[in-house]
Amino acid sequence: MSSFTSNFRSEARVLVAVGVVLAIGEAVLRVGGQRLSADVQHIRSIPARAERLAKADGLRILFLGNSLTREGVRLDVVQQQLDCRSPVALERVFPDDTTILDWYYLFRNDFEGRRAPNVLVLSYAKGQLTDATPIHSERIAGSFGGWSNAREMIGSDLDSLGDRIEYVLSSALRLFSERERVRDRVLATATPDYRSTAQRLNESERVPKSPAAIRKAEKFSRLRRLLEACRDRRVHVVVVAMPVPGGYGIDPRFYGVLREERADFLDMRETPGLTGSDYADGYHLATRGAEIYSAALGKRLRAVVGCGPEWNPGPLGPVLRVSPNGRT
Amino acid sequence: MLFNTWQFWAFLAVVLPVYWVLPFRWQNRFLIVASYYFYGCWNWKFLPLIAGSTLMDYYLGMAVAKAPFPEARRRLVAISVVVNLALLGFFKYYGFFAREASGLFARLGFPISLPVWSIVLPVGISFYTFQSMSYVIDISRGVSQPADNLWDFALYVCFFPHLVAGPIMRSGNSVNGKGLLKQLQAARFYRDGDFQEGLYHVVLGLFKKVVIGDNMATFVNVIFRTPTSRLTGPECLAGVYAFALQIYADFSGYSSIAQGVAKWMGIDLMVNFRRPYFAVNPSDFWRRWHISLSTWLRDYVYISAGGNRGGEFTTYRNLMLAMVLGGIWHGANWTFVAWGVFHGALLCAYRIFDRGGRDKTIQGYSWYEGAARAFVLFQLVCVGWLIFRADSMTQAWQMLGRIVTNLDVTPLARVIGESMIFYAAPVLLFEAWLERSGDFMSLLREGWTRRAAVYSYCVLMLVFFPPATAHEFIYFQF
């Protein structure tokens, strides 16, 4: 053992130097990480957005989603359609590539401790609300709570020891939590065609769904957790199925969860007026499409949540209004 | 439990300290338990298979040593070989045999179909059965002695760093270095330099596996899973080159980590790769690639069949035999047979046409001649890799045809090319430096700052550039 120790000491300078390099990398990411992408800038702006919403007067509505929300929801158009005489504060939060578990931890981390919004408009497409969505543990650890969610994340969402260690490392170090973004940024520079081929490469890695994954796709426990957290904070949730090219189906069990958790549902998959040319990249809404969609969303929201002084969900929460066809 | 997972390093963090505080005899028993646990993490149901193979070869080894006549020794060796090959044959080749035999019977007009079972291949079975066999054969040849006790032999078979993907270690000392059994029978001391050397092997191995091997796997998969008619020539070529890098980085990375981890326990595993893509002829390549298997085939197949002692024709026949068996060892598919035939043919052709260059390495040539020879050989080796990786011979032919008839450079081909440079060029340059210095451990003779720079680069790449999907080690399937 003593020989091991002396040998270890002889190589200690090398290990310390490696540690110093890692510490410099960590410092660079902490100071200049915002430059990595617009998404990082947006994520770092979420606490300020939450604060702004918490301090606003009147009805406070939070639009939570991902890039579909970023490209598709225009707050000015929604505001116009709500047409409220009393003050209404709208805020959007849309980190890239996020799904239900990210939204759950984001809500708990940034909106639970403050004066919560009155209404949460949760926009999704396809299977983004099911339990089969991938767990972005590095992102949740780095951006949506980290240590404060560690117990719940490790107890409920991460099964393997490896995932748990990565979560802890990502909670502590930006080197881990931001590594996907660093990788994308460097590869986009080193290999100019990287972005255009990334989708094809990702598809080749996709394995057929296992029976376990299929079973998970039929479950909505993560959605239920978010709805319960919202109910505890007396936040009225409106779940919105967004339009995407090709459309998608909705599992009947999903309606059951919404009914039990007293949430509203707006089916916007077939928004009138949208055509194939309204999708900029074959998935996200372009400028004209976003205007059409936001106008339609504003109208439907007004019917569901109303605005101003008449907003009063009462002591037992909002009235249940699940409407698969979008009518309330 | 893969070497490139946190689970493994957590396991090692427990095993290493316990191992070093235990007295010698308990060290081996503890390592047996740890190794069986390590193996059981994949599939505990196959533990009796290793235990059975261990018991059989242990007692056969003792019986061979005590056998009074050569004939009796040969019979006992035959039992070991037949039973080990039967195990291997059943798990690895039965499905292939049943399918091919049914097809043959049908073509001959006898629609007999053999039962096809869905057989799970026990991880590492090709490695530990070959190792067990070599133990019994070496005792019969008088090259090594039987184990003193069952524990030592059991650990020789199941020692976890090399259990599932080699290197295939010999029991006694050989030209490949110290025999594993011999090392396990002696008390171990932590030697000065072991930590340093182990760290070097582990860092380099992880870099090769995770950064090069796994990232190349993504490109290889997209090319080989796409119908050839939808690929261009440069895409096929880039896919083949990427596979050449993947299989080398993956397997040599695994071997390197195994060496490093064993080093931390005071045990030397043999070098399994010596910069094979700097080989200048087929013979040189096989002295550098998967050395533990190529020397096994040399010692137990090529030499047993007569080697080069029976004239030119016998030599060529034995070369082909060894290489075809080497191909079949990799799995039950005609592509592996064809790969073995291809390499056998290369070795034979080299013997016929390049008599002057026999046994020369890259150092024996001027730099430009050496580089040209290494380049040409690499292209030939890549033809072999195309056959090896293809799902069928049809796919291999189609891709080869595409490479020579279509020259459309697409963004995907460019990305693969640029990625090969980004991920693998630094290691290939590093290996060129090692090749020039003629010492695999050159970095350890340099100042600590250079080592720190290399390790920092490796660690940063490991942190930032792991693949989107982690891949198993390729050789686990063999």
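The questions below concern a predicted model, and each answer ends on the value or name asked for.

Q: Which residues count as buried, partly exposed or exposed is a matter of cut-offs, so what share of the residues in chain A is buried?
A: A residue is called buried when its relative accessible area is under 20%. Chain A has 328 residues, and its secondary structure includes 16 helices and 5 strands. The share of residues in chain A that are buried is 52%.

Q: Of the contacts in chain A with a separation of 6 or more, what percentage joins residues 24 or more positions apart?
A: A contact requires heavy atoms within 4.5 Å. Counting the contacts in chain A with a separation of 6 or more, the part that comes from residues 24 or more positions apart is 80%.

Q: Is A:L175 buried or exposed?
A: A:L175 lies in helix α10 of chain A, which covers residues 174-177. Leaving out residues up to four places away in sequence, A:L175 touches A:L22, A:G25, A:E26 and A:L29, and also B:V463 and B:F464 of chain B. Because its relative accessibility is 4%, A:L175 counts as buried.

Q: What distance separates the C-alpha atoms of A:L175 and A:E26?
A: Along the chain, A:L175 and A:E26 are 149 residues apart.

Q: What is the relative accessible area of B:R275?
A: B:R275 is placed in the loop between α9 and α10 (282-286) of chain B, and it has a positive phi of about 45° although it is not a glycine. B:R275 is buried, because its relative accessible area is 8%.

Q: Which helix of chain B holds B:L434?
A: B:L434 counts as buried because its relative accessibility is 0%. Leaving aside neighbours within four places in sequence, B:L434 is in contact with B:Y200, B:R275, B:D439, B:F440 and B:S442. The helix that holds B:L434 spans residues 411-437 and is α16.

Q: How much area do domain 1 and domain 2 of chain B bury between them?
A: Domain 1 of chain B covers 6-185, while domain 2 covers 194-280 + 361-477, and their C-alpha centres lie 28 Å apart. The contact takes 27 residues from domain 1 and 20 residues from domain 2. Of the area buried between the two domains, 72% is on carbon and sulfur atoms, and the total is about 2,000 Å².

Q: Which helix of chain B gives the largest share of the lining of the largest cavity?
A: The structure holds 3 cavities of 30 Å³ or more, and about 100 Å³ of space lies in the largest cavity. Its lining has 13 residues, of which B:K208, B:S252, B:Q259, B:F273 and B:F440 are the closest to its centre. The lining divides into 4 nonpolar, 5 polar and 4 charged residues. The largest share, 5 residues, comes from the helix of residues 233-263, α9.

Note on methods. Residues are numbered from 1 along each chain as its sequence is written. Chains are lettered from A and ligands numbered from 1 in the order in which they are written. This is a predicted model: local features need pLDDT of at least 70, side-chain atom pairs count only at pLDDT 80 or more; totals for chains, interfaces and linings use all residues. Side-chain values use heavy atoms; hydrogens and water are left out. On a 1 Å grid over the protein atoms alone, a cavity is a set of points where a 1.4 Å probe fits but cannot get out, and a pocket is an open set with protein on both sides within 12 Å along at least five of seven lines; lining residues have an atom within 4 Å of a point. Grid points are joined across faces, edges and corners, and a volume is the space filled by probe spheres set on the points. Helices (H or I, at least four residues) and strands (E, at least two) are DSSP runs, numbered from the N terminus. Ala, Val, Leu, Ile, Met, Phe, Trp, Tyr, Cys and Pro count as nonpolar, Asp, Glu, Lys and Arg as charged, and the others, Gly among them, as polar. Buried means under 20% relative accessible area, exposed over 50%, partly exposed in between (1.4 Å probe, protein chains only). Domain bounds come from an automatic or database domain assignment. Buried area is the accessible area (1.4 Å probe) that two parts lose on being put together, summed over both.
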